[in-house]
Amino acid sequence: MMRLDRFLAINKYGTRQEVKKMIRAGRTTVDGQVIKSPEYKLEEETAKVAVDGKTISYEKYHYIMLYKPAGCVSSTYEKGERSVLSYIDEVYAGDLFPVGRLDKDTQGLLLLTNDGELSHQLLSPSKHVDKRYYVELEKEVTEDAVRKFQEGIDIGDEDLTMPAVLELTSHPQHVYVTLHEGRYHQIKRMFEALDNRVVYLKRISMKELVLDETLKPGEYRKLTEDELIKLKV
Ligand code: URA
C-alpha cells in the first residue's frame with residue numbers, strides 16, 4: 001500500500017507539496033473516484049490513478065544517476081557521515097540503494113536503484129563490468145605503469161589485479177583507468193604499489209552508462225529508457 005501523494009511524487013508528478021495541492025484541488029482519481037485526500041492509501045501495483053483524466057503508469061523500479069560529490073559515503077547509513085541518499089528526494093530515498101561503492105573522497109557516477117536483480121548483475125564479480133575513472137596523481141605516470149596495469153599488480157591481496165587499462169593523457173599526472181573488477185580502494189592501492197598517490201578520483205562510466213556532464217556534483221536524474229536497456233543487456 002502506498003499513499004496517493006507519494007505515488008504521484010515518485011512518478012514525477014511534482015514535489016510532495018505540489019502533488020498535495022493537485023490532490024486537494026480534486027484533479028486526481030483512483031479507480032475512477034475523485035480522491036481529495038493526499039494520505040489516501042492505494043494498492044500501487046493495481047490501482048488505476050489518473051491526473052486530469054490522464055492515467056499514470058506505476059513505476060515499480062527506479063533508476064537514478066547521481067553525480068556523487070566528495071565528502072559523502074555510499075552506504076545508506078553510517079553514524080556521523082552524510083550518505084549519498086541525502087542528495088535524493090525523500091520520496092525515492094527510502095527504497096533506493098547504491099549499486100556498488102565509491103570512497104568518501106571519490107566523485108562521479110553512482111547508480112541508485114531499488115532493482116536488486118540489476119544491481120546483482122552489475123556487481124557480480126563474474127560479469128567483469130567495466131568501470132572507467134579519471135584520475136589525478138601526485139607524480140608523473142609513465143609507460144611502464146601502463147604495462148604494469150595491463151599485467152596485474154600486487155596490491156597485497158591473494159591475487160594480482162586483473163588486467164586493467166591505463167590511458168595516459170597530454171598531462172603527465174592525469175590519466176584514465178578502466179577496471180573490470182572492483183576491490184576496496186583499488187585504484188588508490190594500484191598507484192600506491194607503483195609508489196604514486198591518487199589526489200583526485202572521479203568515476204565517469206559503468207558498463208555503457210556514462211556520467212551526464214550537465215549534472216553538477218550532488219545532482220541526479222532518472223536514467224533514460226535507452227540507458228537502461230544498455231545497462232540490462
Ligand atoms: N578505486 C578507489 O580507490 N576508490 C574508489 O572509490 C573507486 C575505485
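User: Before we start, what needs pLDDT of at least 70 here?

Analyst: Local features do in this predicted model, while side-chain atom pairs count only at pLDDT 80 or more, and totals for chains, interfaces and linings use all residues. Residues are numbered from 1 along each chain as its sequence is written, and side-chain values use heavy atoms, with hydrogens and water left out.

User: OK, which residues are around the ligand?

Analyst: Leu 102, Asp 103, Thr 106, Tyr 133, His 185, Gln 186, Ile 187, Lys 188 and Leu 201. Being near means that a heavy atom of the residue lies within 4 Å of the molecule.

User: How does that shell divide into nonpolar, polar and charged?

Analyst: Four nonpolar, three polar and two charged. Ala, Val, Leu, Ile, Met, Phe, Trp, Tyr, Cys and Pro count as nonpolar, Asp, Glu, Lys and Arg as charged, and the others, Gly among them, as polar.

User: Which helix gives the most to the shell?

Analyst: Helix H6, residues 186-193, with three residues. Helices (H or I, at least four residues) and strands (E, at least two) are DSSP runs, numbered from the N terminus.

User: And what does the side chain of Thr 106 do with the ligand?

Analyst: An N or O atom of that side chain sits 2.9 Å from a ligand oxygen. A backbone N or O atom of Ile 187 is 3.1 Å from a ligand nitrogen, and a polar backbone atom of Lys 188 is 3.1 Å from a ligand oxygen.

User: How much of the ligand does the protein bury?

Analyst: The protein buries 95% of the 240 Å² that the ligand exposes when taken alone. Those areas come from the Shrake-Rupley method with a 1.4 Å probe; for residues, only the protein chains shown count as cover.

User: Switching to strands, what joins S11 to S12?

Analyst: A hairpin, through five residues. S11 (residues 165-168) and S12 (residues 174-179) run antiparallel, with four bridges; two strands pair if DSSP finds at least two bridges between them.

User: Which residues stand opposite each other there?

Analyst: Leu 168 faces Val 175, and Glu 167 stands opposite Tyr 176.

User: How many bridges pair S10 with S12?

Analyst: Six, antiparallel, with S10 covering residues 131-137. Lys 131 has Leu 179 as its bridge partner in S12.

User: What's the order in the open sheet of four strands?

Analyst: S3-S2-S5-S6, with antiparallel pairing. S3 (33-34) and S6 (54-56) are the edge strands, each pairing on one side only. S2 (residues 28-30) and S5 (residues 49-51) pair over three bridges, and Thr 28 stands opposite Val 51.

Methods
Polar contact = N/O pair within 3.5 Å; in protein donor to acceptor, adjacent residues only side chain to side chain.
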